[in-house]
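Please look over the model shown here before reading the briefing that follows, which takes its topics in turn.

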Number of protein chains: 2
Amino acid sequence: MTESATRPRRSDATRATILRAARARFAADGYDRATIRAIAADARIDPSMVMRYYGSKEGLFAAAAEFDLRLPDLTEVAPDRLGEVLVRHFLDRWEGDDTLAALLRAASANPGAAERIRRIFTDQLTAAVATFGTDPVTTARRAGLVASQMLGLALTRYIVRLPPVVEMGPAEVVAWVGPTIQHYLRG
Amino acid sequence: MTESATRPRRSDATRATILRAARARFAADGYDRATIRAIAADARIDPSMVMRYYGSKEGLFAAAAEFDLRLPDLTEVAPDRLGEVLVRHFLDRWEGDDTLAALLRAASANPGAAERIRRIFTDQLTAAVATFGTDPVTTARRAGLVASQMLGLALTRYIVRLPPVVEMGPAEVVAWVGPTIQHYLRG
DNA sequence: CTCCTATGCCAACAGATGTTGGCCAACTGT
DNA sequence: ACAGTTGGCCAACATCTGTTGGCATAGGAG
């Protein structure tokens, strides 16, 4: 019992497969519509295994929705390029990783998911914004505004799939939204 | 049979009560979690009545999610105040009307809701943006960008309830987000 | 007053869902 | 080789969901 993390368990591969299937299903169908049976079927495994390894559907979602913005160190970025850099970073971070879409979809039905988004964008973003010294009073507000634009972009691009937003290439998005973020950060 | 819309039916009040309860429930709980039984209980009515009057849960949602942006005539607005006017209009339109929140929450689970949002913001917004003559090629894109910011604001304010965004008063929101919309419209 | 229709409720069904317990096979340390 | 542990599956349960049909009652037309 003293070495819980040392020996790799034989079932780790299965665990990972379940997690991958769960993320994909949660992202595609939302929390309620993504049934344990469907996730288990995708992972070619019995539904009861999901319960054994993750305790409950809530537990599975909690594990699947682990997400880190991985924000770069903003102190090393030219101050007038902050918006541009941030928008590009968000796009890179989100394309090819279902987790944020899953989180966003689930936020509508699962209070825990909304709470998680709140923590991610409050803690991580606020911390990053605070690194370059703006007025501490407005820091939280600036972070909130950045979140509103970036989450709105994610919403219209990956969930609602609003055609004009979907069709924009990354470079165009950066060119348009970059100045907005720049304004929220230093306006 | 020739006068289907003339005589007001005695059950119109019940119909309206159901619709009000449905909007509130859909807005608060999302499409899947808002059960017909719960809606019926709120309306102090039997669940079977909901089916009789609206055919199915989908039908009820379709009726409850009727939404119009009611955009003002933008040709009569000073060109450099467009962003400010639009943001204030959106805020006024959304506070005190659950419909958009219901639509937004449901978009995660109900494909029809996403489609409806797409139509609202593609048709109505694009039309409004097109009234003042910008380059028609970029009109759709501008409308999409406005939608991304306004829907992001609604998402963080009414669904995710991100504290800094919730705590901002309407005037502050207009002051911060107005220039963004202005930039998307005429930048 | 008498029909007929509209309005409402009750009870039930069929299907799906999260969750549980028991059983078998495969692996592993001794 | 053996015993114990781990990984996996099957079947079942309790609950909840949308939905349906039948039955009572109230209101208006004749």
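## Briefing on the predicted model

Because 100% of the interface residues of chain A are also interface residues in chain B, the copies meet through the same surface, where two residues are in contact if their C-beta atoms, placed from the backbone, lie within 7 Å. This is a predicted model, in which local features need pLDDT of at least 70 and side-chain atom pairs count only at pLDDT 80 or more, while totals for chains, interfaces and linings use all residues. Residues are numbered from 1 along each chain as its sequence is written, with chains lettered from A and ligands numbered from 1 in the order in which they are written.

**Chain A and its relation to chain B**

- Chain A has ten helices and zero strands, these being DSSP runs numbered from the N terminus (helices H or I, at least four residues; strands E, at least two).
- Along the sequence, the pattern of chain A reads α-α-α-α-α-α-α-α-α-α, and its C-alpha atoms fill a box of roughly 55 × 45 × 25 Å along the principal axes.
- Chain A is superposed on chain B by a rotation of 180° with 0.0 Å of shift along its axis, at an RMSD of 0.1 Å, and that is the relation of a two-fold axis; the superposition is by least squares on the C-alpha atoms of residues with pLDDT of at least 70 in both copies.
- Of the residues of chain A, A:Gly152 comes closest to the rotation axis, its C-alpha lying at 1.6 Å.

- The elements that give two or more residues to the surface near DNA strand C are H2 (36-42) and H3 of chain A together with H3 of chain B, and H3(A) gives the most, with three residues.
- The surface near DNA strand C divides into five nonpolar, six polar and six charged residues.
- Around DNA strand D there are 16 residues, of which A:Ser11, A:Asp46, A:Ser48, B:Ser48 and B:Ser56 come nearest.
- For DNA strand D, the elements that give two or more residues are H3 (47-54) of chain A together with H2 (36-42) and H3 (47-54) of chain B, and the largest share, three residues, comes from H3(B).
- The surface near DNA strand D has five nonpolar, six polar and five charged residues.

Definitions and conventions:
A residue is near a molecule or strand if its C-beta atom, placed from the backbone, lies within 6 Å of it. Ala, Val, Leu, Ile, Met, Phe, Trp, Tyr, Cys and Pro count as nonpolar, Asp, Glu, Lys and Arg as charged, and the others, Gly among them, as polar.
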